[in-house]
Amino acid sequence: MKRILAVINLTYKESVRKRIFLIILFFAIALISSSAFFPVVDPAARVKLVETWAIRGISFFAMLIAILLAGVSLPDDIESKRIFILVTKPLPKESLLLGKLLGFIAVTALFIFSMALISLVYIRTVQFFTPASPRLGRDSAVASPQEYLNPRKKITAREFIFVQPDSTNDRMLGMVSGNEEITAELQGHNLNNFAVWKFQRLDKYFDLKSISEMEMELNLEAIGTDALKHYSDVAITISNPTTSTSTTRVLRAKTKQPLIIKFSPIYVDDFGQLNVEIKRAQPDSYLRIKPDNLSLTLPAGTFTFEWNFMKTMLLILLQTMLVLVITVSGSSFLSAPVNVFMAIFIYFCGSGMAFFKENLSLMEKSMEFLRRAEISRPAGQIITQMNDTMPLWMMETSKFILDIALKILPDFAVFDGMDYLLKETAVPLSLFGPALFYLAIYGLVALIIGWISLLTKQFN
Amino acid sequence: MEKTVIETHNLTKVYTSWFSRTKVKALDNLNLEIRSGEIFGLLGPNGSGKTTAMKILLGLIFPTAGEALVLGKSPREVAVKDRIGFLPEESYLYRFLTADETLDFYGQLFKIPRLRRKKKIDELLELMELTGARKRPVKEYSKGMARRLGFAQAIINDPDVIFLDEPTSGLDPIMCRHVKNIILDLKKQGKTILLSSHLLADVENVCDRIAILYNGKLQKIGPVDELLTQPGISEVTLKGLTPELQDKFKNLMSAEGVEVMNIHSVTDTLEDLFLKTIKEGSNETDTRRN
């Protein structure tokens, strides 16, 4: 342990005394502090903008530190032959690898949390000097500056049902969680179709006797059939499933503009159940509804923005640690430029994994279409390609490669807490379990590869 | 009989390029035995295999065939590394650390307790005449200073076996003599030293035994005196020999059947002359100051 601590200390000194560290630190502070002076349409947006730049800036620069420092450290030791002295000392190879890794984790953690503290003070300062202003998508006309950074916990429904009374296929059922693919479409002249969200055990989250008001957030994809009409009027019915007490409101829904609806807790029954139903109010509109479009929001305590921010920073640190462990292990067998390139490649792939997955799914659909066309083709006619797609064999090869890449490369979506933070909802602690597990698995594999590589390496 | 500390048996190293296209035999069946408490010199021109042999003995590279043992064990074992010290041909130090931090780091790798480590660092910096520069980063050091710091790190653990690759390279004659004295002191303390150098005078001055390698093969091995002695030829040093006496001396010897091959004045080595001059200069300065 003493030897590992010695290497950690050395790595820490190496990092903070390098010019590149100070340059990155300077740029990070300059970028985040300048974000308050960017032009915005709404003063509230300024606070959000500073918050967004702070999170994205810290994440990006932490990654840059991880890649540019950890990616070159061990190759530099090998290239400059300093490793000759290290290897002839009683320092086991695993201690060298672990020491380097933990040293860089300490440096990036120090960077992330010191930048987080600076950013928090800065965000609160910007908020303090920001006047009250109207907020888009809120039913309250004016938002106080204190409300800008108020994170709310998000609770999703237990069940989502799409009801089509006039159709033979009258019901599309699905659990909300894990069924993001389910989509209900309300269109045409029939206004009887509707979607229902059924909430359960809300008493677990709300102290229903003490609160006077509840809030829900509704995000719909809504357009008018007329090209000039970019909204759809919807009737929202909130009801108590036991007493059948209900309230209905007609509101105007627009795509990407969340509706915030406040209502009384009397609509939640003794079992903590609540139903919310949505219908179109006019026939000349289109609504596309997904199970996760509706959620109840729970107001958080006074200091939860800071806690929420720190949770996001912790997730950023876990993501950086994943890149670090891959980079440090890679540095045991790759030269500095190749290792840095590999780390950047992994970072970009990991960040764009959702895009790759979407492409894979599209590819699968096109291939399925081509295969069906192949089966139903008239005798003698060969169909292996549609006009606007690549040949089937090429698609199969691409899919094979993409499939393998998706299995090997890490997906940074598991570390994504930014979305919650920017939507002002509490970052759930449940994100940390999968993130830690993911980090442990990748970290272990990468460390074993790095260790074996160092054990078998000869230093010429 | 003294214990064997370093031994190699048919040690062979073949460097193979990618896809095994070209092979270079850097070391060919080398057999060595270095005994406890001796200073052993490894000599040879560039590419003779002495660095390769040293790297195998330090566990930096692996032999293709044969065996190398240090203190009776594989040099790759951590227990062996605990008892050895190594000064590479260039200092290879962390440029961002100070002398204090450098020695502290290497001391920690040997798990030397903090107080003992601090005392040892003070001693070593004093010995290497670096106390005044202990807080300066290594990047500001001259080559000689870095070399001395490199030497200090090699002996921070009070090792039993010390590997020195070109220990005097980059040092001025005064420091060179100082380092040679340190090497001889280490021998007096019972340390075994394996030294590789191009400076033959250094090797001659300090080594008990030497091995000469060429093309990866051992050409000669033995005690320095024994190898340098020319059988049947003796050297007589006389004082007050005038040209007349010189002739008489030659005649007398030839009458006895002894051939006088060469008579010349005894000269200092350049190193001795340099050191003497510097010492005189330093005494003069001291007198003027007083």
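This is a short tour of a predicted model, chain by chain and site by site.

**Stop 1: chain A as a whole**

Select chain A and colour by secondary structure. Eleven helices and 15 strands make up its assigned elements. Chain A has 460 residues, and 47% of them count as buried. Chain A exposes about 22,700 Å². Carbon and sulfur atoms supply 63% of that area. Now think about contacts along the chain. Take the pairs in chain A that are at least 6 apart in sequence: 77% of these contacts join residues at least 24 apart.

**Stop 2: Met313(A)**

Go to helix H6 of chain A, residues 304-330, and pick Met313(A). Is Met313(A) buried or exposed? Its relative accessible area is 0%, so Met313(A) is buried. Show what surrounds this side chain. Beyond the neighbours within four places in sequence, Met313(A) is in contact with Ile55(A), Ile58(A), Ile112(A), Phe113(A) and Ala116(A). Then draw a distance from Met313(A) to Leu287(A). These two are 26 residues apart along the chain, and their C-alpha atoms are separated by 37 Å.

**Stop 3: Lys81(A)**

Move to the loop between helix H3 (43-79) and helix H4 (82-87) of chain A, where Lys81(A) is placed. Check its backbone. Lys81(A) is not a glycine, yet its phi is positive, at about 70°. How exposed is Lys81(A)? Its relative accessible area is 29%, so Lys81(A) is partly exposed; buried would need a value under 20%, exposed one over 50%.

**Stop 4: the interface of chains A and B**

Show both chains and select the residues in contact between them. Chain A gives 27 residues to the contact and chain B gives 29. About 2,900 Å² is buried between the two chains, with 64% of it from carbon and sulfur atoms.

**Stop 5: the cavities**

Rolling a probe the size of a water molecule over the atoms shows where empty space is left. How many cavities of 30 Å³ or more are there? The count is three.

Start with the largest cavity, which holds about 60 Å³ of space. Select its lining from both chains. From chain A come Ala6(A), Asn9(A), Leu10(A) and Lys13(A). From chain B come Leu97(B), Glu101(B), Asp104(B), Phe105(B) and Gln108(B). Two helices each supply at least two of the lining residues: H1 (2-16) of chain A and H3 (99-109) of chain B. By class, this lining has four nonpolar, two polar and three charged residues.

Next, find the second largest cavity, with about 40 Å³ of space. Its lining comprises Leu186(A), Gln187(A), Asn190(A), Leu191(A), Asn193(A), Lys279(A) and Arg280(A). Two of these lining residues are nonpolar, three are polar and two are charged.

**Stop 6: a pocket lined by chain B residues**

Turn to the second largest pocket, where about 950 Å³ of space lies. Its lining counts 23 residues. Which of them lie nearest the centre of the pocket? Select Ser234(B), Glu235(B), Val236(B), Asn262(B) and Ile263(B). Then highlight helix H9 of chain B, residues 243-255. Helix H9 gives the most to this lining, with three residues. The pocket lining divides into twelve nonpolar, nine polar and two charged residues.

**Stop 7: Val161(B)**

Stay in chain B and select strand S6, residues 161-165, where Val161(B) is found. Val161(B) counts as buried because its relative accessibility is 0%. Show its contacts. Leaving out residues up to four places away in sequence, Val161(B) touches Val5(B), Ile6(B), Leu71(B), Arg83(B), Ile84(B), Gly85(B) and Thr192(B). Val161(B) and Leu184(B) are 23 residues apart in sequence, and their C-alpha atoms are 14 Å apart in space.

**Stop 8: Glu129(B)**

End in the loop between helix H4 (114-127) and helix H5 (143-154) of chain B, at Glu129(B). Look at its phi. Glu129(B) has a positive value of about 55°, although this residue is not a glycine.

Conventions
Residues are numbered from 1 along each chain as its sequence is written. Chains are lettered from A and ligands numbered from 1 in the order in which they are written. This is a predicted model: local features need pLDDT of at least 70, side-chain atom pairs count only at pLDDT 80 or more; totals for chains, interfaces and linings use all residues. Side-chain values use heavy atoms; hydrogens and water are left out. Helices (H or I, at least four residues) and strands (E, at least two) are DSSP runs, numbered from the N terminus. Buried means under 20% relative accessible area, exposed over 50%, partly exposed in between (1.4 Å probe, protein chains only). Contact means heavy atoms within 4.5 Å. Accessible areas come from the Shrake-Rupley method with a 1.4 Å probe; for residues, only the protein chains shown count as cover. On a 1 Å grid over the protein atoms alone, a cavity is a set of points where a 1.4 Å probe fits but cannot get out, and a pocket is an open set with protein on both sides within 12 Å along at least five of seven lines; lining residues have an atom within 4 Å of a point. Grid points are joined across faces, edges and corners, and a volume is the space filled by probe spheres set on the points. Ala, Val, Leu, Ile, Met, Phe, Trp, Tyr, Cys and Pro count as nonpolar, Asp, Glu, Lys and Arg as charged, and the others, Gly among them, as polar. Buried area is the accessible area (1.4 Å probe) that two parts lose on being put together, summed over both.
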